[in-house]
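The entries below follow the order in which I checked them.

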Amino acid sequence: PFLVPWSSKTRNLPPVSFEEFNVRVRAARAVLVATHGLRRGSRVAVLCHACPDSLALSVAVAECGGVVVNLNWRQPPATLRALAAGLRCSLVVAGRGLAPMARTIAAACAASALLLVEGAETELAPLEPGELAFSCASLAPPHVAVGSAEPDDVAVVMFTSGTTALPKAVPLTHRGLLWSCDAKRRAEQEALNLSLAAHEGSLAFLPSFHVIGFTNNFLCNLRHGTRCLLHHDAPTTPTSAPLLLRAATELRPSLIDTVPVLLEAMLPLDADTIATLRACKAVMYGGAPLSHAAWIEMRKNGICVLSQYGQTELGGMALIGSGMAPYGGLAPVPGVTAALEPASEGNLVLTGVQSLTPGYWPLDPPEAGAAGAAPARPPPRANAPGAAWPTGDVFRSEGGKVEFKHIERAGEGDQLSPVWLRHVCRADELLVHTSG
């Protein structure tokens with residue numbers, strides 16, 4: 001299976017195989033082109049909890065050369081309207097439970113249609129005139145000639161958190177996203193000795209508007225043929241530590257990918273919690289530091305807990321810890337180099353990240369034109385793939401003698417003294433920032 005929906009309320013939800021997912025993508029692609037005129041460059045706003053149909057629609061849009069605009073339903077409605085209208089989205093896709101908010105977004109950007117996905121929404125809003133219920137599972141995949149995307153076309157737009165201003169639109173290319181997936185896979189193999197044959201998928205339960213949820217938990221598993229675990233009850237049930245532990249116990253993933261607040265809520269560790277977490281190859285966290293006490297408690301009980309670091313602008317993970325790393329220690333994924341300015345503690349500058357955004361997309365003013373007109377021309381590329389990227393995050397370097405088995409080195413022995421990087425704070429001292 002590929003997509004495995006899990007519910008704390010409903011048992012035995014049917015999984016979606018890779019072939020079934022492909023059928024859904026082909027069906028969605030045909031409808032988007034034949035019925036809604038999707039073409040290369042079209043921008044489609046997606047306001048939906050992750051479910052098989054919303055993810056199939058996202059892939060279908062990107063395959064046609066369109067751009068998936070992932071909206072964060074936690075943002076104020078006025079912000080979402082400004083973002084969708086500013087990017088001139090021609091179509092809005094939403095979960096039925098988010099229909100009231102989606103209607104105002106569709107009106108703001110003069111979208112040609114509003115598609116309401118059944119998905120995992122449990123409280124279905126009634127349809128209004130001009131709205132279409134959509135389920136990829138019920139569609140036969142007709143043969144429709146569709147355009148195709150180029151590797152350097154933008155596939156997805158994510159948004160920064162917008163802590164102090166309107167969120168920035170972060171475009172990510174096909175080539176860059178696939179590079180991020182492959183870099184993550186190589187990093188897991190080197191840091192965790194986790195082969196694809198032994199990989200049982202990842203448990204993240206993060207939303208699609210989150211770059212780690214979309215890239216790490218969805219695209220990476222799709223790219224490499226591993227399970228992607230979805231929270232079926234996400235529209236009505238927030239993720240909690242007990243819920244995450246129950247899901248991990250039943251699903252037995254290789255990786256748990258979560259945030260420190262949920263791990264800290266698991267303390268003190270009881271025998272069942274220890275057994276569940278130890279059964280995973282690693283428990284990964286990011287977005288904020290894990291308390292030293294929680295890290296010590298997990299490590300002393302044989303749980304491989306390690307940090308990761310990414311930014312929306314990077315399209316995914318760029319640094320990862322390992323079982324040998326000190327508390328909070330991180331090292332670049334394969335192909336990436338890191339430097340600090342100044343050297344011992346300062347702004348982290350990454351080079352070699354091929355998934356780096358080509359540059360923020362500006363938002364058009366309301367009078368710029370209707371969404372149904374030709375898609376707005378993307379601005380010139382501001383960042384070359386792999387160019388030096390000052391992250392704006394402050395890191396501290398710390399030495400330590402660690403054995404690396406996968407690094408060839410001239411001379412005798414393989415004992416190296418690498419520099420581990422530890423995240424300190426955001427350079428602008430914001431408590432909430434865009435780090436993945």
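I took contact to mean heavy atoms within 4.5 Å. The model is predicted.

Entry on helix H7. I looked up which residues of helix H7 (residues 241-251) are buried. I found Ala-241, Leu-243, Leu-244, Leu-245, Ala-247, Ala-248 and Leu-251. I then checked what covers these buried residues, and the cover includes strand E1 (3-6), strand E9 (202-203), strand E10 (228-231) and strand E11 (255-258). Helix H8 (260-264) and helix H9 (271-278) are also part of that cover. After H7 comes Arg-252, and I noted its positive phi, near 55°.

Entry on a pair within H7. I found a salt bridge between Glu-250 and Arg-246, with the closest N and O atoms 3.2 Å apart. The two residues are 4 apart in helix H7, so about one helical turn separates them. I listed Glu-250 as partly exposed because its relative accessibility is 37%. Arg-246 is partly exposed too, at 36%. Arg-11 joins Arg-246 and Glu-250 in a network of salt bridges.

Entry on helix H5. I looked up Glu-188 and Arg-185, whose side chains form a salt bridge at 3.5 Å, N to O. They sit 3 residues apart in helix H5, so they too are about one helical turn apart.

I found Arg-223 and Asp-182 in a salt bridge at 2.9 Å, N to O. This pair links distant parts of the chain, with Arg-223 in helix H6 (residues 211-224) and Asp-182 in helix H5 (residues 174-192), 41 residues apart. Arg-223 is partly exposed at 42%, whereas Asp-182 is buried at 19%.

How values were computed. Residues numbered from 1 in each chain as written. Predicted model: local features only at pLDDT ≥ 70, side-chain atom pairs only at ≥ 80, totals over all residues. Heavy atoms only, no water. Buried < 20%, exposed > 50% of the residue type's maximum accessible area, 1.4 Å probe, protein only. Salt bridge = Lys/Arg side-chain N within 4 Å of Asp/Glu carboxyl O.
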